[in-house]
Amino acid sequence: MHNALIIAAEETHNPLIPPVYDIVWSLVAFVIIFLVFWRVVTPRITKMLDERTEAIEGGIKKAEAAQEQAAAALDEYNKQLAEARTEASRIREQARSDANAIGNELREQAQADAARITANAQAQIEAERQSAVQSLRSEVGTLALDLASGVIGESLKDDAKSTAVVDRFLADLEASQGSSAQGSSSQAGEH
């Protein structure tokens with residue numbers, strides 16, 4: 001029996017090691033699955049990964065292009081802003097110079113108007129003074145003739161005579177006023 005047990009023990013199989021036919025059929029199934037996976041599934045996965053990589057790279061390129069465009073737009077905006085500020089400064093300076101020129105022109109015009117008004121006023125005053133002198137001369141002449149007629153007792157109605165007498169009287173009167181004005185100024189100088 002002991003022999004029978006040894007033979008039976010030799011015939012009993014180790015449960016950890018599978019039989020050879022299982023290993024062969026498992027290996028055949030593995031090779032078939034591997035070939036199908038390698039020929040069909042791997043190219044599809046590779047193609048999908050390549051497409052995904054291209055999409056990601058394309059997105060990155062688009063993002064870089066958009067970033068470059070944004071940077072260019074920002075540079076253009078800053079350039080236009082600087083130009084606008086320069087233009088605004090130039091317009092402000094032009095407005096200031098125009099305002100100064102207009103102010104100077106108005107000032108000159110006002111001065112010219114004031115000089116014209118002053119000249120007209122002086123001419124009018126001079127005309128009124130001449131008119132007053134003429135009127136006074138006439139009235140003084142008439143009064144002088146009346147007084148002289150009363151003193152002399154003759155009528156001095158002769159125009160040539162009366163004009164000569166009035167002129168001589170007024171000349172004497174002006175001369176006496178001129179000498180009294182000089183005398184008072186010399187007296188003021190002595191004190």
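Q: Where do Phe-30 and Phe-34 lie, and how many residues apart are they?
A: In this predicted model, both sit in helix H2, four residues apart, which is about one turn of the helix.

Q: How do I read a pair of aromatic rings?
A: You describe such a pair by the distance of the centres and the angle of the planes. The structure holds one aromatic pair. For Phe-30 and Phe-34, the ring centres are 6.3 Å apart and the planes are at 20°, so this pair is stacked.

Q: Is Phe-30 buried or exposed?
A: Phe-30 has 54% relative accessibility, so it counts as exposed. Phe-34, at 47%, counts as partly exposed.

Q: What about side chains of opposite charge?
A: They can pair when their charged atoms come close. Here you'll find four salt bridges. One of them joins Arg-90 to Glu-87, with the closest N and O atoms 2.4 Å apart. These two are three residues apart in helix H2, so about one helical turn separates them. Arg-90 is partly exposed at 47%, and Glu-87 is partly exposed at 35%.

Q: Which residue forms a salt bridge with Arg-129?
A: That's Glu-126, and the closest N and O atoms are 2.9 Å apart. Arg-129 and Glu-126 are both in helix H2, three residues apart.

Q: Which residues line the largest pocket?
A: Val-133, Leu-136, Arg-137, Val-140, Leu-170, Leu-173, Glu-174 and Gln-177 do. Helix H2 (20–152) and helix H3 (159–190) each give two or more residues to that lining. Sorted by kind, the lining has five nonpolar residues, one polar and two charged. The largest pocket's volume is about 170 Å³.

Terms used
Residues numbered from 1 in each chain as written. Predicted model: local features only at pLDDT ≥ 70, side-chain atom pairs only at ≥ 80, totals over all residues. Heavy atoms only, no water. 1 Å grid on protein atoms, 1.4 Å probe; cavity = no way out; pocket = protein on both sides within 12 Å on 5 of 7 lines; lining within 4 Å. Points joined across faces, edges and corners; volume = space filled by probe spheres on them. Nonpolar A, V, L, I, M, F, W, Y, C, P; charged D, E, K, R; others polar. Phe/Tyr/Trp six-rings, centres within 6.5 Å; stacked < 30°, edge-to-face > 60°. Buried < 20%, exposed > 50% of the residue type's maximum accessible area, 1.4 Å probe, protein only. Salt bridge = Lys/Arg side-chain N within 4 Å of Asp/Glu carboxyl O.
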